Amino acid sequence: MHIEVAHRLQHTEEYYFSKKLREIDEMNKRGARVINLGIGSPDLPPHPDVLRVLSEEASKNYTHGYQSYRGAAILREAMADWYKRYYHVDLNPQTEILPLIGSKEGIVHICMTYLQEGDEVLIPNPGYPAYTSAVRVSGATAVSYELKAENNWQPDFELLEKSDLSKVKMMWINYPHMPTGASATIELFERIVTFGKKHNILICHDNPYSFILNDKPRSLMAVEGAREVAIELNSLSKSSNMAGWRIGMLIADENRINEILRFKSNMDSGMFLPLQAAAATALRLDSSWYTELNAVYAKRREKVFRIMDILECDYDRAQVGLFVWAKVPDKYTDGYALSDDILHQAYVFITPGGIFGSAGEQYIRISLCAKEEVFDQAIERIEGRGTKEKS
């Protein structure tokens, strides 16, 4: 018996990494021992205090029941305090913060709450593929806006103003930008808020990378009037080494929080309370946590720069975040060609930039989520690979 997949999934393909990991697994079964420098899943542990609180809270008899859809007060208050200390943004923990089971679910919740067939959504190219997937599942149409290196990977507002925005209901932005590592300025955020207000477009800012190798964490919500037109997503996945814990947050005004809850409350039954208590502990750590974390990433990034030099790629040393983004040399047709070459000749997997959109096809991306000795091994393999080149 064959049951057709729903129309909403007709153009939603399996995630690239899911398919590639199967290929790598098959290579490993044949003895390849592939070094995977692709996915940004932190390999370092959370702070010991975070693990201690999780264990203590999980051992209590009364912490195992269903929890509030709005999240525990201890977590919302810690999130508000975190935003105040690091982003200089005042939030009401009762009404302007919605804890999420990972910020990725927030992307879907926002799209399902506000979008329907006939709506259009501006999506960054290159950008995180989940934006496009969520828009398509909602029935709306994704319209990409191209980001270019010569414009510091910022939107071309003059070009956007000349396009037909009559059906555009939402715009996704993401700074520090993934995959390029470009930082935002307050001036850029101000311009985005002005653009959203002028055209009645809901601005959705995905902000999970602001603490990684970045001296100035910034929130769109620090801009005056942002809450009138914007929603911000944030996460503990990268900043607190808690990716598998699935803890994120959605920042918005009270009305939007309530609107999104109408969808979210039908999707889950709250987050495990010990996770929330442990997350609150992570958010209340002092700044030395980020300083020590970034010292590790800075050393790793130098190793990645070395790999990029060996591969003759061009890159910006000022980029921030959990990855290094680089333009491939002309001897490769695109990033896919370089990625496949290195995978099969050196048994090292590097992410091709084309999976993030057509504007990324001439690029590759390497994750910092591997120990220095792993990068050393990758360097040795890449330096010793065959001389085959692709044209």
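Helices and strands here are DSSP runs, numbered from the N terminus. The model is predicted.

**View 1. Asparagine 125 and proline 126 are joined by a cis peptide bond.** Omega is about 5°. Proline 126 lies in the loop that runs between strand E3 (120-125) and helix H5 (129-138).

**View 2. A cis peptide bond also links tyrosine 175 to proline 176.** Here omega is about -5°. The loop between strand E5 (168-173) and helix H7 (186-199) holds proline 176. Most peptide bonds are trans.

**View 3. Trp82, Tyr83, Tyr86, Tyr87, Phe211 and Tyr290 form a cluster linked by ring pairs.** The structure holds 17 aromatic pairs. Tryptophan 82 and tyrosine 83 pair edge-to-face, because their planes stand at 75°, with ring centres 5.9 Å apart. The pair of tyrosine 83 and tyrosine 87 is tilted: centres 4.6 Å apart, planes at 45°. These two tyrosines are four residues apart in helix H3 (residues 73-87), so about one helical turn separates them. Tryptophan 82 is buried. Tyrosine 83 is buried at 0% relative accessibility, and tyrosine 87 is buried at 3%.

**View 4. Arginine 365 places its charged end over the ring of phenylalanine 323.** The distance to the ring centre is 3.6 Å.

**View 5. Arginine 33 has a positive phi of about 55° without being a glycine.** Arginine 33 is in the loop between helix H1 (16-29) and strand E1 (35-36). At 59% relative accessibility, arginine 33 is exposed.

**View 6. Tyrosine 347, not a glycine, has a positive phi of about 60°.** Tyrosine 347 lies in the loop between helix H12 (335-346) and strand E11 (348-349). Its relative accessible area is 36%, so tyrosine 347 counts as partly exposed. Most residues other than glycine have a negative phi.

Definitions and conventions: Residues are numbered from 1 along each chain as its sequence is written. This is a predicted model: local features need pLDDT of at least 70, side-chain atom pairs count only at pLDDT 80 or more; totals for chains, interfaces and linings use all residues. Side-chain values use heavy atoms; hydrogens and water are left out. Rings of Phe, Tyr and Trp (its six-membered ring) pair if their centres lie within 6.5 Å; planes under 30 degrees apart count as stacked, over 60 as edge-to-face and the rest as tilted. Buried means under 20% relative accessible area, exposed over 50%, partly exposed in between (1.4 Å probe, protein chains only). A charge sits over a ring if NZ of Lys or CZ of Arg is within 6 Å of the ring centre and within 35 degrees of the ring normal.
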